[in-house]
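Have a look at the sequence and the model, then follow the points below.

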Amino acid sequence: MEKPVVGIVMGSDSDLPVMSKAAAILEEFGVPYEMRVISAHREPDVFFEYAKGAEARGLKVIIAGAGMAAHLPGMCAALFPLPVIGVPLYSKTLGGEDSLYSILQMPSGIPVATVAIDGTKNAALLAVRMLAISNPELLEKLKAYAGKQCDAVQKKDARLQE
Ligand code: RP5
């Protein structure tokens, strides 16, 4: 088993169905990852150890998903020096706008690359793009992936023209 280079972390196991989609993309691209459920609020010490140790464990990117008062991605960015991608998760009461603004409105100096509400697939693709900067094999896979998407749209259009 290769050493994980991407960390997928979420605030609760209730986030797992949506966050698992990131794992599926990373598997498709052959990117080794680790996946954890860690609550920054309910178990701050465990969270601190995870985020503080992430660089030494070999992680290059963290994808952090959380809902409601979604402080997990921002706190990852405070403790981990490499890119953090935040996934705001849908919440029943405020539809995920609470999560979105919690993750998006970071103070200057501590960046989190925020994707759309429940935008897990794009978060994983963004992580792959970041890794592809120094990995030509991944870059080729990304080009092939884009090509497949293009073909799929063209096939649908061609069917409409029949
Ligand atoms: C956040 O609170 C989690 O990321 C989750 O989206 C939300 C609700 O958590 P549970 O009450 O379902 O554990 O911390």
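This is a predicted model: local features need pLDDT of at least 70, side-chain atom pairs count only at pLDDT 80 or more; totals for chains, interfaces and linings use all residues.

Residues are numbered from 1 along each chain as its sequence is written.

- A UniProt "binding site" annotation, from an unreviewed entry, covers Ser-12, Asp-15 and Arg-42. UniProt positions are given in the numbering used here, feature names are shortened, and annotations may be inferred rather than shown by experiment.
- Ser-12 sits in the loop between S1 and H1; helices (H or I, at least four residues) and strands (E, at least two) are DSSP runs, numbered from the N terminus.
- Ser-12 counts as partly exposed because it has 18 C-beta neighbours inside 10 Å. The scale is this: a residue is buried if 20 or more other C-beta atoms lie within 10 Å of its own, exposed if 12 or fewer, and partly exposed in between, with C-beta atoms placed from the backbone.
- Met-68 belongs to the loop between S3 and H3, and is likewise partly exposed, with 18 other C-beta atoms within 10 Å.

**The sheet**

- An open sheet is formed by 5 strands in the order S2-S1-S3-S4-S5, with parallel pairing; two strands pair if DSSP finds at least two bridges between them.
- Its edge strands are S2 (33-37) and S5 (113-114), each of which pairs on one side only.

**Strand S1**

- How enclosed is S1 by the rest of the structure? It is largely enclosed, because 5 of its 5 residues are buried.
- From S1 (residues 6-10), Val-6, Ile-8 and Met-10 point one way while Gly-7 and Val-9 point the other way, and all are buried.
- S1 pairs with S2 in the parallel sense over 5 bridges, and Met-10 has Val-37 as its bridge partner in S2.
- On the S3 side, S1 also pairs in the parallel sense over 5 bridges. There, Val-6 has Val-61 as its bridge partner, and Val-9 stands opposite Ala-64.
- Together, S1, helix H1 (residues 16-28) and S2 make a right-handed β-α-β unit. A crossover is right-handed if, with the strands pointing away from the viewer, the path from the first strand over the helix to the second runs clockwise.

- S3 (residues 61-67) is mostly covered, with 7 of its 7 residues buried.
- Val-61, Ile-63, Gly-65 and Gly-67 point one way from S3, whereas Ile-62, Ala-64 and Ala-66 point the other way.
- S3 and S4 (residues 84-89) run parallel and are joined by 6 bridges. In S4, Val-84 is the bridge partner of Ile-62, and Leu-89 is the bridge partner of Gly-67.
- A right-handed β-α-β unit is also made by S3, helix H3 (residues 72-79) and S4.

**Helix H6**

- H6 (residues 136-161) has 26 residues and reaches 38 Å from its first C-alpha to its last, close to the expected 38 Å; the expected span is 1.5 Å times one less than the number of residues.
- Gly-147 is placed in H6 and is exposed, with 10 other C-beta atoms within 10 Å.
- The C-alpha atoms of Gly-147 and Leu-104 are separated by 31 Å, and these residues are 43 residues apart along the chain.

- Most residues other than glycine have a negative phi.
- Met-68 has a positive phi of about 65° although it is not a glycine.
- Asp-118 has a positive phi of about 60°, and it is not a glycine either.
- Asp-118 is found in the loop between S5 and helix H5 (120-132), and counts as buried with 21 C-beta neighbours inside 10 Å.

**The annotated domain**

- UniProt lists residues 4-153 for "domain: PurE", in an unreviewed entry.
- Over residues 4-153 the chain is 49% helix and 17% strand, and the end C-alpha atoms are 33 Å apart.
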